[in-house]
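Q: I have a structure open and a few things to ask about it. Can we go through them one at a time?

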Amino acid sequence: MKKFIKSTAIFAALTLTAGISTSASANQLDDLLKEIKNDRVSVAKLDKKREQEFLSARADKQALLKKAQGDLASEQARNTRLTKQFSDNEITLTNKESALENAKGDLGEMFGVVRRASGNAYGRIATSIVSAEFPGREATLEKLANAKEIPVLAELEELWFSLQTEMTESGKISSFTAEVTQLNGSKSTETVTRLGTFNLIAEQGYLNYNDEAGQIQPLGKQPDGGILSLVGDYLGTSSGYTALWMDPAKGQILNLETQKATLEDRYHQGGTVGYVITVVLIIGLLIGLERMIFLGAMEAKIKKQLKDRSNPKSNNPLGRLIQVYHDNRDVDAETLELKLDEAILRETPKIDRGVNLIKIFAAVAPLLGLLGTVVGMIGTFQSITLYGTGDPKIMAGDISMALVTTAMGLICALPLILVHSIVAGRGKSVFHILDEQSAGIVAEIAEKEKA
């Protein structure tokens, strides 16, 4: 068709050209006419071929339509049949369930009791330390607790045996060999003693039964030495009675006790301020110890000098004071008194050295504790500002620092005050002897002058 239109257009153009130009040849017009006729025949054949293809496809589509209609009718019939079969099965299932309930009678109630009892027993026995000695008891109980069928007699007996075993073993102290998983992951075979349903103990101390992993493990941290020492005494006793700490909460209280902070933990909670307080205490005690040793030796030398006043020695204050007297025998009493006072003043720095420093440390320690309290409270309020008050553990560290540093400051001040009193008392004792001897010497000289 397109060729025909194209040929017609060409023909019209050529005709127009021929009309305008008289120089076109007649042969060209004949050729054009033949070409147009041939194109019309070709277009007719093409149209006929297309018409045949359409009719053929129409016949195929009709066959497909008939096939689809047949399948639809077959499926509708199948749906009707299955719907009726489903309804019949529902009626049959309802009848069977009614017959089953009638056949069970009182067994249905017993089935519910058995499942409930098995569930309760499973939770208790699975976590009991008796299972450390008799493992695998909870498997039957778990099966009964999740059963969909009425239990048989053998399963009921297993439930009875499990409950009876738990009750019987709860009143016994039993020793058995078991594998203990250490904190570092290694395993060792040890003799474990079970105290009823309360605690497990061995030579290393108290043990814990991990019911999830089915393992016996030592506590993460053993309790205080006083509690732990009784375990060894108990295991070493073959007869008679021995004291032993037991946890009536089946290990819960013991676990809480092991989580308490030790003295070392509380000391480190003081932080930097706590360490400074410790340094102050150590320095103050060292100064006090040095002063006590020095003044003690000085008192011993002075007492020795008192027994031999005629032979003064320069290794003690009294000897040096007597030497001043011997050097100034010819002076009057007033001049000698001034000389002796001057000698006592020379001895004062040696006797009082470091005493006031101990007093200062005793006063500074509580102030440092107060500083730690303020720093801890500042940290607490910062935590509240950032995280709120939902979790007290966030604030616990700063509060611990505030309280611990206060206690450390007081603990540091108390011994320092005591040491200062002792050292100051010894210094005063030395001064008292010097003043007494000085007064005696002056009095002796005054009496000679009057005579």
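Q: What lies over the face of Phe294?
A: In this predicted model, Arg353 does, at 5.6 Å from the ring centre.

Q: And how many aromatic pairs does a search of the whole structure find?
A: Two aromatic pairs. One of them joins Tyr267 and Tyr275, with ring centres 5.7 Å apart.

Q: New topic. Which residues make the nonpolar surface patch?
A: Leu367, Leu370, Val374 and Ile378 make the patch, which has an area of about 380 Å².

Q: Where is Val374?
A: Val374 is in helix H13, which runs over residues 355-387. With a relative accessibility of 43%, Val374 counts as partly exposed.

Q: What about Thr181, buried or exposed?
A: Thr181 is buried, because its relative accessible area is 8% and the limit for buried is under 20%. Thr181 belongs to strand S1, residues 173-181.

Q: What is Thr181 in contact with, leaving aside neighbours within four places in sequence?
A: Ser186, Lys187, Gln215, Ile216, Gln217 and Pro218.

Key
Residues are numbered from 1 along each chain as its sequence is written. This is a predicted model: local features need pLDDT of at least 70, side-chain atom pairs count only at pLDDT 80 or more; totals for chains, interfaces and linings use all residues. Side-chain values use heavy atoms; hydrogens and water are left out. Patches are made of residues with over 30% relative accessible area and no salt bridge: like charges are joined within 9 Å, nonpolar side chains (Val, Leu, Ile, Met, Phe, Trp, Tyr) within 5 Å. Accessible areas come from the Shrake-Rupley method with a 1.4 Å probe; for residues, only the protein chains shown count as cover. A salt bridge is a side-chain nitrogen of Lys or Arg within 4 Å of a carboxyl oxygen of Asp or Glu. Helices (H or I, at least four residues) and strands (E, at least two) are DSSP runs, numbered from the N terminus. Buried means under 20% relative accessible area, exposed over 50%, partly exposed in between (1.4 Å probe, protein chains only). Rings of Phe, Tyr and Trp (its six-membered ring) pair if their centres lie within 6.5 Å; planes under 30 degrees apart count as stacked, over 60 as edge-to-face and the rest as tilted. A charge sits over a ring if NZ of Lys or CZ of Arg is within 6 Å of the ring centre and within 35 degrees of the ring normal. Contact means heavy atoms within 4.5 Å.
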